[in-house]
Amino acid sequence: MSWLPMVPFALLASALLACAWCVVTSDDLVHSVLWLALTLVVTAGVYVQLQAEFIAAVQVLLYAGGVAVLMIFAVLLTKRLTGERIPHESGNRVRAALASLSVFGLLTAFILRMPASYAQPAQRSATKVLGERFLVDYALPFEVLSVLLVATMIGAIVIARKEDA
Amino acid sequence: MVPVSSYMLLAAGMFSMGLYGVLTRKNVLGILLSVELMANAVNVNLVAIGRSLGDGRGEAFALFAIALTVAEVVVGLAIVIFLHRSRRSIDVDQAASMHG
């Protein structure tokens with residue numbers, strides 16, 4: 001009975017980790033980007049399972065839609081160089097595996113020492129609560145965020161435009 | 001219910017894979033993809049803990065984090081395009097002279 005809700009979570013989690021593994025190991029960068037898009041969509045599934053539907057929608061729209069398309073553009077713009085694959089160094093690979101495994105072990109040790117807690121049962125108005133948070137408590141950071149986005153846009157145009165334009 | 005710690009373990013696994021990617025890729029775009037993976041893992045953590053707090057703070061932080069990550073990706077891609085145009089290579093080992 002108590003393990004029954006774990007089944008969809010285990011399916012999502014294994015799909016997510018498999019996709020993430022493909023992102024970091026795939027030889028062709030275009031495949032990597034497509035695996036990343038799939039990873040982000042599966043992450044939206046995890047958000048749905050956490051009953052955070054609004055964040056799942058934002059994730060699909062902004063990440064799987066926007067970021068994946070931008071990445072594909074960048075990969076194809078630089079395609080002539082990525083077509084010839086840049087090799088990994090095997091010594092570097094072993095050391096990287098050691099470093100990331102030790103980070104994972106450290107995080108796991110901390111997480112397993114945490115007292116057990118559970119996600120809240122369904123609230124009807126989770127998105128309403130979120131909207132109140134944004135427009136009442138976090139109104140100033142919200143506005144600052146829009147300034148940041150304008151600055152980012154201008155900065156990206158300045159960096160990436162042609163010199164003689 | 002699925003305990004929050006299992007979501008955190010999932011996020012830790014995804015974060016470590018992203019770290020592995022950052023350390024092994026020699027292509028700037030590959031590194032950027034791996035950084036995306038790490039940011040995504042952090043968002044899973046924020047949403048899971050936010051749900052267990054139940055007052056919308058975690059989700060609000062996750063939304064801010066998503067917006068910031070998108071801004072970071074845009075600037076990162078602009079730098080990649082600039083590198084590609086200025087030195088015809090997006091291998092990080094050859095971009096070591098970008099500082100200063």
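Me: How many salt bridges are there over all chains of the whole structure?
Reply: A search across every chain of this predicted model finds two salt bridges.

Me: Which side chains meet at 2.9 Å, N to O?
Reply: Those of Asp137(A) and Arg133(A), which form a salt bridge.

Me: And where do Asp137(A) and Arg133(A) lie?
Reply: Both belong to helix H6 of chain A, which covers residues 126-137. Four residues separate Asp137(A) from Arg133(A), about one turn of the helix.

Me: Is Arg133(A) buried or exposed?
Reply: Arg133(A) is buried, because its relative accessible area is 17% and the cut-off for buried is under 20%.

Me: Are Glu59(B) and Arg51(B) buried or exposed?
Reply: Glu59(B) counts as buried at 6% relative accessibility. Arg51(B) is buried as well, with a relative accessible area of 2%.

Me: Staying with chain B, what does its secondary structure come to?
Reply: Chain B has three helices and zero strands, so its elements read α-α-α from the N terminus on.

Me: How do the axes of H2 and H3 of chain B cross?
Reply: The axis of helix H2 (residues 28-53) of chain B and that of helix H3 (residues 57-87) of chain B cross at roughly 175° and come within 8 Å. That crossing makes H2(B) roughly antiparallel to H3(B), because the angle is over 145 degrees.

Me: Which residue classes does the contact of H2(B) with H3(B) have?
Reply: The contact has 16 nonpolar residues, together with five polar and five charged ones.

Me: What share of chain B counts as buried?
Reply: Of its 100 residues, 66% count as buried. One residue to look at is Leu19(B), found in helix H1 (residues 4-24) of chain B. Leu19(B) is buried, with a relative accessible area of 18%.

Me: How far apart are Leu19(B) and Ser34(B), in sequence and in space?
Reply: Leu19(B) and Ser34(B) are 15 residues apart in sequence, and their C-alpha atoms are 7.0 Å apart in space.

Me: Over to chain A. What does its secondary structure come to?
Reply: Chain A comes to seven helices and zero strands. Read from the N terminus on, its elements run α-α-α-α-α-α-α.

Me: And what share of chain A is buried?
Reply: Buried residues make up 30% of the 165 residues in chain A.

Me: Which residues form a nonpolar patch on the surface?
Reply: Trp3(A), Leu4(A), Val7(A) and Leu11(A) form such a patch, and together they have about 450 Å² of accessible area.

Me: Where is Val7(A)?
Reply: Val7(A) is placed in helix H1 (residues 6-25) of chain A. Its relative accessible area is 39%, which means that it is partly exposed.

Me: Which residue has a positive phi although it is not a glycine?
Reply: Gln51(A) does, with a phi of about 60°. As background, most residues other than glycine have a negative phi.

Me: Where is Gln51(A) found?
Reply: Gln51(A) sits in the loop of chain A between helix H2 (29-49) and helix H3 (53-77). Gln51(A) is partly exposed, with a relative accessible area of 26%.

Me: One last pair: how far apart are Val69(A) and Thr127(A)?
Reply: They are 58 residues apart in sequence and 27 Å apart in space, C-alpha to C-alpha. Val69(A) lies in helix H3 of chain A and is partly exposed, with a relative accessible area of 43%.

How values were computed
Residues numbered from 1 in each chain as written. Chains lettered and ligands numbered in written order. Predicted model: local features only at pLDDT ≥ 70, side-chain atom pairs only at ≥ 80, totals over all residues. Heavy atoms only, no water. Axes fitted to C-alpha atoms, helices over the stretch in contact; angles between N-to-C directions. Helix = DSSP H or I, 4+ residues; strand = E, 2+ residues; numbered from the N terminus. Parallel < 35°, antiparallel > 145°, perpendicular 65-115°, else oblique. Nonpolar A, V, L, I, M, F, W, Y, C, P; charged D, E, K, R; others polar. Patch = residues over 30% accessible without salt bridge, like charges linked within 9 Å, V, L, I, M, F, W, Y side chains within 5 Å. Areas by Shrake-Rupley, 256 points an atom, 1.4 Å probe, with all protein chains shown as cover. Salt bridge = Lys/Arg side-chain N within 4 Å of Asp/Glu carboxyl O. Buried < 20%, exposed > 50% of the residue type's maximum accessible area, 1.4 Å probe, protein only.
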